[in-house]
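Biologist: Please take a close look at the aromatic pairs of this model, and then at one helix packing.

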Amino acid sequence: MSDKYRSQAVAKKSEDGNSTSQTAADRLNQVSSHISPNESKPRGKKQNGKSVASRLPADYSDVLSQIDTLRAIAAKPDPNNRGYVRQKQAGKLWVRERIEQLLDPESFLEIGSVSGTVKWKQTGPMRETSTGFVPSNNVQGMGKLRGRQVLLTADDFSIRGGHADGSTAEKTIYLEKLAIALKVPVIKLVDGSSGGGSVTTIRKAGWSYLPHVTMYKQVSEQLNMGIPNLGAVVGPAIGLGAARVVSCHFSVMAADIGSLFNAGPKVVEGATFEEGLDFQDLGGPMIHCTNGTIDNLAANEAECYEQLRTVLGYLPNSGSEAPPVVPCDDPENREDVNLRSVIPRRQARMYNPWTIITSVVDRGSWFEIGPLWGRTAIGGLARLGGRPVGVISLNCEVNSGALDAAGSQKLTRLLKLCDVMNLPVLQFIDVPGYAIGTVAERTATMRWGVELAKTYYSTSMPIFNVITRRVFGVAGGIMIGSRDPPMQVAWPSGQWGSLPLDGGIEVGHRHELREAEKAGKKADRYQELEEEYMRLMNPVRTANAFGVEEIIDPKNTRAVCCAWAKHMYDVLMKERLADRAMGKIKPVFA
């Protein structure tokens with residue numbers, strides 16, 4: 001090889017060696033940059049010798065500062081905001097004041113704390129600051145209610161009246177999904193439309209939309225899973241807001257500020273020409289707390305929140321659990337001799353049915369649901385030896401206790417509630433049958449009576465009957481006969497049959513009485529027949545034939561009922577929860 005070519009080969013080899021050395025050095029620097037990032041070369045775009053990324057705080061304090069700023073704005077009301085001024089002039093609490101009053105102190109953990117509409121101003125290549133922030137008009141999160149973990153959603157009426165153009169729809173639906181995932185009760189404070197529609201949304205978007213209500217899939221699932229949904233109307237509940245609270249297992253309205261309607265007075269005026277209506281005329285508490293749309297009435301917001309706390313105390317976190325048992329200092333074998341004389345010997349006379357309820361259940365535990373509507377029936381929650389139960393009674397002081405359409409609707413709703421919440425039901429039976437007459441027919445008494453019957457036979461929670469007086473007709477047969485075998489006792493005052501004697505004798509002995517009337521002896525013959533039937537309807541005769549299982553001394557009623565409740569919780573509750581977990585029973589509320 002010539003000297004010339006030998007020199008070129010040596011030079012090339014030298015260049016290859018230098019290239020390899022440079023590549024190795026580059027790779028070493030790359031590895032070092034991962035191990036010691038502060039000593040590596042900045043990778044961002046260089047400006048004046050420094051990268052943009054290198055000039056941002058390493059601890060992300062700029063981002064955290066933005067979050068803190070937005071949270072601070074959301075946490076304090078704007079006294080100059082006309083919505084806030086209107087809220088206070090109406091005598092209503094601001095949304096965060098409500099949360100503070102309802103939940104246990106310092107227990108609220110907000111979800112979506114910086115959701116809302118923000119105006120941003122760029123202050124650098126990768127920096128910006130907020131110049132305006134309107135928080136979402138729905139505040140939600142997790143907190144505690146008397147130590148119980150709950151999810152909370154509350155409307156802020158001061159921001160666009162709770163309409164959709166001030167809300168974040170995904171935020172509301174997320175909470176509904178979260179309740180299903182966590183199996184945690186949901187509290188809903190409704191004041192406005194809860195993200196319902198507004199025509200201004202069309203203007204903002206530039207196009208109109210089909211009004212989908214996507215949340216109802218999750219809401220229905222929650223209701224049937226026995227995840228307590230408790231709602232309070234603490235302002236005007238409009239459209240979607242009204243639907244949300246009415247869907248709950250239990251709802252209550254503040255008398256001083258609450259109202260509920262499908263559409264407000266202005267919309268109604270344009271559609272039906274009803275002028276001059278205010279919120280109370282259209283859907284105040286005297287309308288919706290007396291027709292069953294809302295369960296209970298409260299004097300004010302504070303009482304609303306107390307009722308929510310009370311009701312939750314009887315309910316489990318979900319239908320996969322047993323209701324919470326609490327310590328009880330009321331003796332389970334407590335006797336009350338006054339119960340012997342509660343039922344009058346004269347059958348036509350009335351008595352106070354609440355006297356029986358409050359005597360038998362734990363002292364101070366009775367909570368009535370729907371006291372202002374469906375008043376032929378009484379329903380509510382109570383405890384027996386600290387164990388939560390549903391309680392049903394008939395009200396002989398209204399329509400003699402004959403079940404009307406509204407009374408049947410109320411009991412249907414309560415039975416479904418008890419079924420999804422695993423609450424055993426205690427019934428005090430004194431029913432002359434379904435209501436009769438033209439009013440009963442016009443209000444579809446039989447239609448709703450049959451719905452009640454279907455509910456009795458499609459639910460599976462245990463039922464215990466205390467027959468205090470009358471059991472007549474279809475209504476009586478349904479109430480005592482839906483469980484096999486029936487668990488029940490009767491009082492010495494019990495009466496039963498197909499028809500009450502009043503009217504029954506006239507029907508059964510029509511011809512005989514007509515002939516006696518011709519002889520001027522109808523009254524005498526009627527009295528003879530009545531005395532004979534009264535003698536034959538002695539409850540002891542029924543017990544002789546085992547037509548009724550046991551007749552007890554009324555003073556011992558509490559001890560008998562507490563023993564039944566104890567067995568239900570100690571033994572049968574475990575079986576029920578297992579069957580429910582395996583899908584053998586599927587209670588339905590919605």
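Modeller: Across the whole structure, a search finds four aromatic pairs, where rings of Phe, Tyr and Trp (its six-membered ring) pair if their centres lie within 6.5 Å. For Tyr84 and Trp94, the ring centres are 6.3 Å apart and the planes stand at 85°, so this pair is edge-to-face (planes over 60 degrees apart; under 30 is stacked and the rest tilted). Helices here are DSSP runs (H or I) of at least four residues, numbered from the N terminus. Tyr84 counts as buried at 14% relative accessibility, and Trp94 is buried at 7%; buried means under 20% relative accessible area, exposed over 50%, and partly exposed in between, with a 1.4 Å probe and protein chains only.

The model is predicted: local features need pLDDT of at least 70 and side-chain atom pairs pLDDT 80 or more, whereas totals for chains, interfaces and linings use all residues. Residues are numbered from 1 along each chain as its sequence is written, and side-chain values use heavy atoms, leaving out hydrogens and water.

As for the helix packing, H16 (residues 445-458) and H17 (residues 473-481) pack at about 15°, their axes 9 Å apart. That angle makes H16 roughly parallel to H17 (under 35 degrees). Contact, meaning heavy atoms within 4.5 Å, is made by Ala453, Tyr456 and Tyr457 of H16 with Gly477, Ile478, Met479 and Gly481 of H17.

Notes. Axes fitted to C-alpha atoms, helices over the stretch in contact; angles between N-to-C directions. Helix = DSSP H or I, 4+ residues; strand = E, 2+ residues; numbered from the N terminus. Parallel < 35°, antiparallel > 145°, perpendicular 65-115°, else oblique.
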